[in-house]
Amino acid sequence: MPTMTGMVTIVQETRFQLTDERGVSHLFLLGHHSMAEPDQLVPLQHAQARVRVRYIQPRNIIGMVAKSIEVDD
């Protein structure tokens, strides 16, 4: 499963934007079976925490579906 590392810059409900090291922003949707809850996204944004996201790229939506989010130390 692919991974991406960056900073959570925008959060809205189960959607979030991750900005990678090159400054490119990517849209993610929190997957139904992910190990994260929507309430956990806002503190990551406020802390500007660096995170690693495991995701899939579905064919029928714009954006990627996050399967897990981990704080990258």
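Me: Is R50 buried, partly exposed or exposed?
Reply: This is a predicted model, in which local features need pLDDT of at least 70, side-chain atom pairs count only at pLDDT 80 or more, and totals for chains, interfaces and linings use all residues. Residues are numbered from 1 along each chain as its sequence is written, and side-chain values use heavy atoms, with hydrogens and water left out. Buried means under 20% relative accessible area and exposed over 50%, with partly exposed in between (1.4 Å probe, protein chains only). R50 has a relative accessibility of 41%, so this residue counts as partly exposed.

Me: Is E21 buried or exposed?
Reply: The class follows from the relative accessibility, which is 53% for E21. Because of this value, E21 counts as exposed.

Me: Which residue in the segment after β5 pairs with R50?
Reply: R50 meets this second residue, D72, in a salt bridge with an N to O distance of 3.0 Å.

Me: Which four residues are linked in a network of salt bridges?
Reply: A further salt bridge joins R52 and D72, with 3.3 Å from N to O. It links distant parts of the chain, since R52 is in strand β4 and D72 in the segment after β5, 20 residues apart. R52 is partly exposed, its relative accessible area being 33%. The network consists of E21, R50, R52 and D72.

Me: In what order do the strands of the closed barrel run?
Reply: Two strands pair if DSSP finds at least two bridges between them. β1 (residues 3–12) is joined to β2 (residues 15–20) by six bridges, and to β4 (residues 50–56) by five; both pairs are antiparallel. β2 and β3 (residues 25–30) are likewise antiparallel, joined by five bridges. The closed barrel has five strands with mixed pairing, in the order β1-β2-β3-β5-β4.

Me: Which turn residue of the hairpin of β2 and β3 has a positive phi?
Reply: Four residues lie between β2 and β3 in this hairpin. The turn residue has a phi of about 90°, and it is G23.

Me: How many residues does the largest nonpolar core have?
Reply: A nonpolar core is a set of buried Ala, Val, Leu, Ile, Met, Phe, Trp, Tyr and Cys residues joined through side-chain atoms within 4.5 Å. Among the residues with the most contacts inside the largest one is V8. Counting contact as heavy atoms within 4.5 Å, and leaving out residues up to four places away in sequence, V8 touches F16, L18 and V51, among others. The number of residues in this core is 17.

Key
Helix = DSSP H or I, 4+ residues; strand = E, 2+ residues; numbered from the N terminus. Salt bridge = Lys/Arg side-chain N within 4 Å of Asp/Glu carboxyl O.
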